[in-house]
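I opened the file and kept short notes on what I looked up. They follow in the order in which I worked.

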Amino acid sequence: MESLASLFDAVQSDCDRAVWSRGVELARGESVQVESRDRREIVLRVVGKAGRVAPQVTLHLADEAWECSCASVDDPCEHVAAAVIALRREKKTGAALPDQAERMGRLVYLLRDQGGALVLERAVEFDGKRTP
Ligand SMILES: [Zn+2]
């Protein structure tokens, strides 16, 4: 996977140093989880503090491009940095990153209109079932 190495370099060289070191911190432990991966694209979740929504990072291997769902002004942000750091570690050590789908359900937020008021519902989606 040559493309992962070049993506790593691209993220690192574009990354602010302080942001990168936050990424290193995040990449420790099991906070980076894989949602899906194929040859062109890897989707990961960076799980932070409990109760917070885990930002979703998408890495486009072929284009050396990345996206993150967080609101950070940093590009790349610490989540993207954490994702490439964790993936590189995985490749070096051979220890696979935790697969999110196997570990836990997905947290989903549903916004709906109830008599003119917006209601936010939080649910855990697991195995296709939603539990509020
Ligand atoms: Zn982010």
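Does E64 count as buried, partly exposed or exposed? The model is a predicted one, and in it I read a relative accessibility of 38% for E64, so this residue counts as partly exposed. The cut-offs that decide this are under 20% for buried and over 50% for exposed.

**Entry 1, backbone at E64.** The angle is near 50°, which is a positive value in a residue other than glycine. I placed E64 in the loop between β3 (56-60) and β4.

**Entry 2, the cis bond.** I went through the omega values next. The peptide bond from D75 to P76 is cis, its omega being near 0°. I found P76 in the loop that runs between β4 (65-68) and α3 (78-93).

Which atoms coordinate the zinc ion? I listed SG of C68, SG of C70, SG of C77 and ND1 of H79, at 2.0 to 2.3 Å. In sequence, I noted the spacing of these donor residues as C-x1-C-x6-C-x1-H. For burial I checked C77 and H79, and both are buried.

Why is the arrangement around the zinc ion called tetrahedral? The 4 donor atoms subtend angles of 104 to 114° at the ion, and therefore the arrangement is tetrahedral. The cut-off for four donors is that all angles lie between 85 and 135 degrees. For reference I wrote down that the ideal angle for four tetrahedral donors is 109.5 degrees.

**Entry 4, secondary structure.** I counted elements over the whole protein and got 4 helices and 7 strands. Read from the N terminus, I have their order as α-α-β-β-β-β-α-α-β-β-β.

I took the extent of the C-alpha atoms along the principal axes, and they fill a box of roughly 50 × 30 × 25 Å. The protein has 132 residues, and 36% of them are buried. I computed the accessible surface as about 8,300 Å², with 49% of it belonging to carbon and sulfur atoms.

What share of the contacts with a separation of 6 or more comes from residues 24 or more positions apart? I have 42% for the protein.

I finished with the charge positions. There are 19 positive and 22 negative charges in the protein, and I put their mean positions 5 Å apart.

Terms used. Residues are numbered from 1 along each chain as its sequence is written. This is a predicted model: local features need pLDDT of at least 70, side-chain atom pairs count only at pLDDT 80 or more; totals for chains, interfaces and linings use all residues. Side-chain values use heavy atoms; hydrogens and water are left out. Buried means under 20% relative accessible area, exposed over 50%, partly exposed in between (1.4 Å probe, protein chains only). Donors are N, O and S atoms within 2.8 Å of the metal (3.2 Å for Na, K and Ca); water is not among the atoms, so sites may look incomplete. Four donors count as tetrahedral if all angles lie between 85 and 135 degrees; four count as square planar and six as octahedral if opposite donors are over 155 degrees apart and all others between 65 and 115; anything else is irregular. Contact means heavy atoms within 4.5 Å. Accessible areas come from the Shrake-Rupley method with a 1.4 Å probe; for residues, only the protein chains shown count as cover. Lys and Arg count as positive and Asp and Glu as negative; His and the chain ends are not counted. The place of a charge is taken as NZ of Lys, CZ of Arg, CG of Asp or CD of Glu.
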